[in-house]
Every structure is written in structure tokens, then in C-alpha cells.
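This note sets out some points on the model for a reader new to protein structure. Please keep the sequence and the three-dimensional view at hand while reading.

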Amino acid sequence: MDAVLAQLKQLVDTRTEKSTVAFSLLPSGLPQGAITEISGHGKTEFVLQFLREQPDLGVAWIEKNFSAYPFGFLQQQINLDRVLFMEGQREIDWCIYQALRAQVFQVVVVYCDQLDLKSLRRIQLQSEKSLACTLWLTDEPKQAWPVHLRIRIERSPDGPQPTILKQRS
């Protein structure tokens, strides 16, 4: 009985590392199965560069009020056949949750400044289950605890420059 209990304790104590998706601007990559918050000027350019580097990943691009310019994606050499654009309006939480639950998108981009903690926790749990790389684009950094990685982007002549503000181990 003690041996079984010891094995169970070991399983509970074992930390699982998040797998990541490679990205040239972040040596550690972007985590799968987690929420990454991206804020600052150049956040869209940062995400588009990530999508350009990962041409095989399916993408759900969800905004509260649609403002993305699909021709801008084409200019960045991103094939629109792999991107599903959604305008969530008042039902944005439901749209995000359904995109993650479908488990057909490896990347879910959410452009919405206001998500409450309850919604973020649900999104976090569903991201873990689907192993999706969930990218939450905000104007300013938030202090929401469900976020695994928080990045601030600054524009420069060399392109977007990320600064890691928070990273859970």
C-alpha cells in the first residue's frame, strides 16, 4: 500500500513541461496548450510573422468586432485557406471556446481587450485539452493569472521586438 501511495505522490508531483511551437523571435517558442498574452504596438505584425513561419498550422482568428484586413495576410504570404475569421461580438467567449473545443485549429488568435477571469480560466482549460497555441492580443498588458506567457511588443525598423514580461515555468 505504501508503494502505491508513493507512486501516486510521484505522479502528482511530476511537473509536465509545455511543448512549444518554434518561432524565430522567441528562442523558447510559443507554448501549446496555454494562453499567451501579446500586447503593444506591433502585436499583429508579430503574430503574422509567427503564422508565416508555421505554414502548416490551422488558425482561428477571433475578434469582438472584426478589424483584420485579410489582404494584409496575403501580403505577409499567409494562405487564407488555413485561416477562419470570426466576429464574436457579445458571444466572443462562446466563439473562442467552440474553436478550441473543435480541436481543428492549432492556433487560436483572440483580439479582444476585455476577457474576464472566469472566461480566461475556461479558455485556459480548453487550450490545455486541445493543445492549441492560444494567442490573446491586448492593447496593454493585463494581470490575469491564467496567462502562461505575457509578451510586450515594440516596433522597430528591424521588425517587432518582443519583451517577455511573465513566463510560467
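1. Is Ser130 buried or exposed? In this predicted model, Ser130 has a relative accessibility of 16%. Residues under 20% are classed as buried, and Ser130 therefore counts as buried. Ser130 belongs to helix H5, which spans residues 117-130. Beyond its neighbours within four places in sequence, Ser130 is in contact with Leu100 and Gln103.

2. Both of these contacts direct attention to helix H4. Leu100 is one of the buried residues of H4 (residues 92-102), and Gln103 follows that helix with a positive phi, near 55°. Seen down the axis of H4, the buried residues fall within an arc of 125°, so they line one face of the helix. Among the elements that cover these residues are helix H5 and the strands E4, E5, E6 and E7.

3. In which order do the strands of the open sheet lie? The sheet has seven strands, arranged as E5-E4-E6-E7-E3-E8-E9, and its pairing is mixed. Strand E5 (83-87) and strand E9 (159-167) form the edges, each pairing on one side only. From one strand to the next, the twist averages 20°. As a general point, strands of a sheet pair through backbone hydrogen bonds, either parallel or antiparallel.

4. Strand E8 covers residues 147-156 and runs antiparallel to E9, to which eight bridges join it. Arg155 has Pro160, in E9, as its bridge partner.

5. Two helices may be described against this sheet. Helix H2 (residues 43-53) lies across E3, E4, E6, E7, E8 and E9, and runs at about 160° to E7. Helix H5 packs on the sheet and touches E3 and E7; the direction of H5 makes about 125° with that of E3.

6. What does Leu149 touch, not counting residues up to four places away in sequence? Its contacts are Leu26, Gly29, Leu30, Pro31, Ile35, Thr36, Glu37, Ile164, Lys166 and Gln167. Leu149 and Lys166 are separated by 17 residues in sequence, while their C-alpha atoms are 5.5 Å apart in space.

Conventions:
Residues numbered from 1 in each chain as written. Predicted model: local features only at pLDDT ≥ 70, side-chain atom pairs only at ≥ 80, totals over all residues. Heavy atoms only, no water. Pairing = 2+ DSSP bridges. Helix = DSSP H or I, 4+ residues; strand = E, 2+ residues; numbered from the N terminus. Axes fitted to C-alpha atoms, helices over the stretch in contact; angles between N-to-C directions. Contact = heavy atoms within 4.5 Å. Buried < 20%, exposed > 50% of the residue type's maximum accessible area, 1.4 Å probe, protein only. Arc of directions from axis to C-beta.
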